[in-house]
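Here's a quick briefing to read alongside the model. Have the sequence and the 3D view open as you go.

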Amino acid sequence: NEPYCSTTRAEHLQGADPEGSTVLVGAVLAPAGSAGGAAPRLALTAAGAEAVLQPTARGKVVAENNTYWYFEPGRAFGFAGEPRLQRRSGGADTAEGEDRLSWHLDGNGGFRATPSA
């Protein structure tokens with residue numbers, strides 16, 4: 001469990017045991033005023049087979065478990081609840097909508113986590 005701003009590298013993701021593994025990715029939302037010890041909650045999660053960690057070309061996704069994943073080493077990793085993505089020069093998904101997580105790789109940390117309302 002690392003802060004949102006922590007650097008994640010492609011090798012951190014690719015270092016998982018790929019044979020039959022399930023990948024779980026999530027974002028934790030800390031409640032307002034959580035300094036008093038209120039428990040954080042998972043705001044957005046998705047699970048998929050090891051196929052979601054296979055590099056994808058720009059504009060391509062891997063459909064897994066009703067979720068659309070992308071992984072571009074050196075740029076970004078993420079998922080959305082629909083196949084429509086807008087990937088900018090940094091690789092992150094900038095499309096409007098809910099149920100999206102996008103993470104910069106190899107330098108900048110988290111980009112967005114947009115749960116359902």
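Is Glu82 buried or exposed, or partly exposed? Glu82 is partly exposed, because its relative accessible area is 30%; buried means under 20%, exposed over 50% and partly exposed in between, using a 1.4 Å probe and protein chains only.

This is a predicted model, where local features need pLDDT of at least 70, side-chain atom pairs count only at pLDDT 80 or more, and totals for chains, interfaces and linings use all residues. Residues are numbered from 1 along each chain as its sequence is written, and side-chain values use heavy atoms, with hydrogens and water left out.

**Around Glu82**
- You'll find Glu82 in the loop between strand 5 and strand 6; helices (H or I, at least four residues) and strands (E, at least two) are DSSP runs, numbered from the N terminus.
- Setting aside neighbours within four places in sequence, Glu82 has contacts (heavy atoms within 4.5 Å) with Tyr68 and Arg100.
- Tyr68 sits 14 residues away from Glu82 along the chain, and their C-alpha atoms are 6.2 Å apart.

**Overall layout**
- The protein chain has one helix and seven strands, in the order α-β-β-β-β-β-β-β from the N terminus.
- Of its 117 residues, 34% count as buried.
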